[in-house]
Amino acid sequence: MKPSRRRFLQFSMGAAGAFLFTPINWKLMDDVAIWTQNWSWVPVPEDGARAYTTTTCRICNGGCGIKVRLIDGKRAVKIEGNPESPINRGGLCAWGAAGLQYLYMDENRVPGPMKRDRVTGVRTRLTWEAALELAAAELKKAGGEGTAIVNGRKRSTMNGLIRQFAADLGAAHYCEPCDGGDVQKAASELLLGRPGRYGFDLERAQVILSFNAALLEGWASPVRMMRAFGTWMSGTEESRARLFQVDPRASLTASKADTWLPAKPGTETIVALAMANVMIAGNMVAPEAAGAPGFDQFKSLAEAYSPSKAAELTGVEADQIREAAEAFAKAERAVALSGQGHGNTPEPLSLAWAVLALNGLKGNFNKEGGVYLTPEPPGLDLGAGVENGSLLELAKGVAQGKEKLSALLLFESNPLFNGPDPAAMAELMDKTPLVISFSPFWDESTKKADLILPDLTYLERWDDVDTPLGMPYQAVSVTKPIFAPRHKGAPTGDVLAKLTKALGKTPPFAKYEDALKARVAKLQATGHGLAASEEPAAPMDLLGSGPGKGWGSAEEAFEEVAATGLWYNPSGQGDQVTLSFEKTLEVKPLEPKGDAQHYPYPLVVFDTARVASGFYANPPFVTKIIEDDFLLKKDIFINIHPETAHALHLKEGSKVVLESETGQGWVGVHLTQGARPGVIYLPAGLGHTTFDPTLKDKGLSGAAMVEAVEDPHNGQPLTFLGRAKLRKA
């Protein structure tokens with residue numbers, strides 16, 4: 001076999017990918033667990049009776065079923081995957097396996113209600129009675145017109161309760177950060193005429209076109225994706241699935257793909273339209289798409305991006321574009337999907353729309369191996385009239401004196417770290433007299449809060465999360481408290497009920513558990529549904545296994561769902577599709593903000609398989625298995641191409657200052673052929689200024705280094721692309 005750059009990348013990057021799919025990393029975690037037993041905060045349980053309880057992991061929104069091993073019913077000692085869950089089928093990612101550290105690391109947990117003196121910085125412990133009395137008094141004083149709520153509890157019953165609380169309070173500002181699921185809804189409204197979620201039948205697809213989604217690094221439901229990849233790679237060379245990855249760097253997913261299409265950052269939508277061009281020009285379009293309203297208009301747009309023209313704009317070879325488009329169009333079962341990293345932050349709406357349009361051209365909606373329109377599972381009608389606003393625009397308004405806040409409430413949200421624009425968030429908090437955090441952790445925003453009403457961790461409370469991103473069937477994953485809380489936190493749902501009463505209103509439910517029971521009753525009323533109480537159908541057969549028969553009563557349904565951790569409806573019957581290309585978007589390469597002369601290099605912030613980038617920060621055991629060319633002691637490493645390093649007189653391991661218009665910091669240099677020349681790549685999720693010593697002050701925050709670009713089509717802040725320069729000390 002003749003050596004090539006492509007094969008070199010597959011070998012070198014693929015070796016790293018293989019690491020995740022072998023027992024090696026789990027053996028390393030076991031070794032780490034052994035040598036860390038001398039750490040003072042590691043719990044050493046007494047001997048006792050062992051038992052397992054089943055629940056759901058909530059570190060991300062992947063909905064994985066877990067089994068927690070208990071000693072005497074009061075000490076958790078191990079988390080394993082639940083083989084009876086169809087979502088993860090017994091598998092577990094590194095974050096899920098290390099989940100007990102979120103429970104037992106006292107250094108990272110808020111011990112109970114606290115208030116902070118802004119002048120001295122001194123914090124004082126409060127009883128819950130005193131804390132709720134203080135919160136109610138301050139919220140009455142602030143009034144609804146002076147209150148803003150930031151809600152990070154996406155797609156859950158808790159989300160509805162927070163929205164209802166905002167409505168009861170009359171909050172002038174309600175901000176729910178956008179993620180991949182929200183962009184899906186907007187793309188669906190453009191192409192299908194209604195805002196809805198959709199999922200991908202990846203396990204049965206023969207060809208997969210992926211645009212930017214970190215499929216093997218934690219996108220959507222991480223364990224499901226790893227298992228799907230195993231399905232794709234099984235069988236003979238002729239029978240196994242083909243994966244095409246459009247990606248601005250040789251990510252783990254790109255290196256394991258059959259073909260990597262290395263698009264310039266911000267040009268991925270053009271690659272998708274060029275593929276549409278190939279399909280239309282080659283008469284490889286489904287009849288229902290060719291006859292859909294607005295098809296000629298879309299055809300004209302696609303004609304502007306021939307493979308050769310797209311190659312000039314994107315850097316992807318024209319032959320690669322043709323090969324991917326033809327493989328997608330000719331395969332019996334093929335699917336196209338898009339995303340941004342783990343899916344916690346939004347991708348450009350134009351990309352989601354163009355990729356959904358590829359599926360429309362293929363005619364693969366609600367078909368085996370294609371796209372399934374997945375209606376939202378039945379839920380409670382709470383806070384439906386609350387308008388969602390932009391947190392960044394609110395921060396700018398306060399900075400400019402156009403808006404004035406008296407109170408800011410943060411629910412599962414850490415804007416001082418995740419942004420967008422952490423500096424603007426810091427100014428917003430400084431100018432707001434009262435900041436209340438409901439976080440159970442000492443994250444950056446909670447450290448700066450005036451009043452803390454700490455929630456419990458996912459192993460100590462009732463909770464639920466709706467259908468994970470990318471799932472082609474309805475699912476509601478439920479967590480339950482496995483024992484009494486370790487600290488003096490309280491379920492936020494219960495706290496909101498008490499606050500609502502203190503403010504003179506009637507809460508919809510006295511306790512969050514009651515709200516969850518009412519939600520499960522809605523699910524039971526459909527007459528359909530299964531629980532993770534027995535071995536699920538094989539992935540290839542799941543969507544054809546039927547919706548289940550439900551339960552005889554709401555009480556029976558709640559008992560079963562609470563015990564197993566999951567309600568799901570794998571009917572394979574998605575919503576009916578009405579395709580229309582009439583709402584065509586103007587498409588241009590996404591350009592980062594900043595002075596191109598002073599900051600000449602595009603800066604791409606990317607998600608990885610070893611660092612959590614959502615609300616939950618990395619636990620120590622996962623941070624300990626980060627490679628030395630990613631994080632060494634306190635130094636984070638950027639990825640650049642050897643040509644870029646040569647032009648700057650840098651070498652492997654050089655220590656330099658990465659500088660942008662919004663921040664700067666020391667970084668190490670890692671040279672890789674997987675980087676595009678002239679582009680700097682910075683891993684996301686590091687740079688925390690709080691938490692335990694294994695994470696605090698390690699690396700540099702990607703959010704702090706990028707000035708958000710406003711999506712021209714929906715106004716959402718895009719935080720993965722900026723401008724920067726490198727300089728030696």
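Author: In this predicted model, Met-158 has a relative accessibility of 2% and therefore counts as buried, the cut-off being under 20%. Met-158 is found in helix α6, which covers residues 157–169. Leaving aside neighbours within four places in sequence, Met-158 is in contact with Arg-153, Asp-463, Asp-464, Thr-492, Gly-493, Leu-496 and Tyr-512. One of these, Thr-492, is 334 residues away from Met-158 in sequence, yet their C-alpha atoms are 8.3 Å apart in space.

Arg-204 is found in the loop between β8 (198–200) and β9 (207–213). Its relative accessibility is 10%, so Arg-204 counts as buried. Not counting residues up to four places away in sequence, Arg-204 touches Arg-333, Glu-368, Gly-369, Tyr-372, Met-540 and Leu-543.

In soluble globular proteins, nonpolar side chains tend to be buried together. The largest nonpolar core here has 80 residues, and those touching the most other members are Phe-211, Trp-232, Met-275, Leu-358 and Phe-581. Apart from it lies another core of 57 residues, including Cys-64, Ile-482, Tyr-601 and Ile-625.

Met-275 deserves a separate list. Residues up to four places away in sequence aside, Met-275 touches Leu-209, Phe-211, Val-246, Leu-261, Ile-321, Ala-324, Ala-325 and Leu-358. Among these, Ile-321, Ala-324 and Ala-325 are buried residues of α14. Also buried in α14 are Ala-318, Gln-320, Ala-327, Phe-328 and Ala-329. Helix α14 comprises the 13 residues 318–330; at 1.5 Å a residue it should span 18 Å, and because its end C-alpha atoms are 18 Å apart, the two values agree.

Met-275 and Leu-358 also take part in a helix pair, α10 with α15. Two packed helices are described by the angle between their axes and the distance between the axes. For α10 (residues 268–281) and α15 (residues 349–362), the axes come within 8 Å and cross at roughly 20 degrees. Angles under 35 degrees count as roughly parallel, so α10 and α15 are roughly parallel to each other. The crossing of α10 past α15 is left-handed. On the α10 side the residues that meet α15 are Glu-268, Thr-269, Ala-272, Leu-273, Met-275, Ala-276, Met-279 and Ile-280. On the α15 side they are Ser-350, Leu-351, Ala-354, Val-355, Leu-358, Leu-361 and Lys-362.

Technical notes: Residues are numbered from 1 along each chain as its sequence is written. This is a predicted model: local features need pLDDT of at least 70, side-chain atom pairs count only at pLDDT 80 or more; totals for chains, interfaces and linings use all residues. Side-chain values use heavy atoms; hydrogens and water are left out. Helices (H or I, at least four residues) and strands (E, at least two) are DSSP runs, numbered from the N terminus. The expected span of a helix is 1.5 Å times one less than its number of residues. Buried means under 20% relative accessible area, exposed over 50%, partly exposed in between (1.4 Å probe, protein chains only). A nonpolar core is a set of buried Ala, Val, Leu, Ile, Met, Phe, Trp, Tyr and Cys residues joined through side-chain atoms within 4.5 Å. Contact means heavy atoms within 4.5 Å. Axes are lines fitted to C-alpha atoms, for helices over the stretch in contact, and angles run from 0 to 180 degrees between N-to-C directions. Angles under 35 degrees count as roughly parallel, over 145 as roughly antiparallel, 65 to 115 as roughly perpendicular and the rest as oblique. A crossing is left-handed if the near helix is turned anticlockwise from the far one by less than a right angle, and right-handed if clockwise.
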